[in-house]
Amino acid sequence: MAETRTITIECLRYNPETDSEPRFQSYDVPFTDDMSVLQGLQYIKDNLDGSLTFRWSCRMAICGSCGKMINGIPQLSCQTFLRDIFPARVKVEPLNNFPIVRDLAIDQSDFLAKLQSVKPYLIPKDPKPVSAGTFKQTPEQMDEYYQYAQCINCQLCYAACPQYGLNDKFIGPAALALLHRYNADSRDGGTAERMEVINSEEGVWGCTLVSYCSEVCPKGVDPARAINQNKINSTKDYFLRFIAPKGGR
Amino acid sequence: MPAIKTYKRPVDGWWRRNPFYTWYMVREGSSVFVTVYALILLTGLWRLTQGQEAFDAWRASLASPIALVFHVLALWMFIMHTLSWFKVMPKTMPFVRIGGKRVPDQTIINAGKIAAVVCTVLFYVVFLWVTP
């Protein structure tokens, strides 16, 4: 039987029906070496306080639901282990920069609307029937976008982005990284349609290359790179419209 | 759908909450020193057009204790500026491929640092060479 120790988990609590602002509540949680912060929260919900509210689903860093601020850093709670924090206390807060719905659950609707605005799907360059066969791609062409395709929409990068915190009109890291994921795909022909988002004030120019988004990404996506490459594309788009036929597109 | 009551926490003092943000602010703030230093050099150029006496007075003013302290601070800030910007340089450029293989970010960062050192040394060599 694994050794059990006790760790203090401090959770931000907010009940929209009774609280005017959030407060912290501490719980002493027995844990074993294999327990994640998410499992600690589940222990609280099952044994100590059934009213604690938080999102989770897969428990294996693929669904992107359980992102929290853990000791001030945006992390997936399923991927952060209590043993690595012990003997210190664990401070769990909802992701920064988002409106809190209840306790550790944030309102994701702003992100979802932004995600939709970048048309995160292939818009084929030359549409062809299924009977014409598959679109082919070289490993090098795939390498151009593969890393960006690993995004799981966990929004840790939004919690890491001070520009989004200061102005939530900014399209933000994940949505712009996914925009670039499709623009960089050799099968895609939707760049012109997405250019409006890139060029807008809320687009890539809202980024000041803090680049903490790329640090916190649990999937190794580099949103800061996607955004800043598109500053070059946006500049080219601006100048080429004057000299190139069809605005260089 | 009825409007949901939510709470948004203030972001005041965000740059003090995480060392990563503080270093970002140092990177951004260092450009103030770069600007001030450029203005000092431009002043020197302007004084040079006014003759030797004016230029010598400008040079003498650089020997004041305040100017010396500023120079030490500016040197430190220039080093921070150089290192912090080269650190993010790979993020500002498309993937570089040599022989079909992607050049690692660290190689690009190191190339930038080496270029900075080479340029600085070259500048001093030329400076010593042309100085009587």
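Buried here means under 20% relative accessible area, exposed over 50% and partly exposed in between, with a 1.4 Å probe and protein chains only. This is a predicted model, in which local features need pLDDT of at least 70 and side-chain atom pairs count only at pLDDT 80 or more, while totals for chains, interfaces and linings use all residues. Residues are numbered from 1 along each chain as its sequence is written, chains are lettered from A in the order in which they are written, and side-chain values use heavy atoms, leaving out hydrogens and water.

Turning to charged pairs, the whole structure holds 21 salt bridges over all chains, each a side-chain nitrogen of Lys or Arg within 4 Å of a carboxyl oxygen of Asp or Glu. A:Arg5 pairs in this way with A:Asp33, their closest N and O atoms being 2.7 Å apart; A:Arg5 is partly exposed at 24% relative accessible area, as is A:Asp33 at 41%. A:Asp168 forms a salt bridge with B:Lys8, with 3.0 Å between the closest N and O atoms. A:Arg187 and A:Asp185 also meet in a salt bridge, 2.7 Å from N to O, where A:Asp185 is buried at 2% relative accessible area, whereas A:Arg187 counts as partly exposed at 22%. Finally, a network of salt bridges links A:Asp143, A:Glu144, B:Arg97 and B:Arg102.
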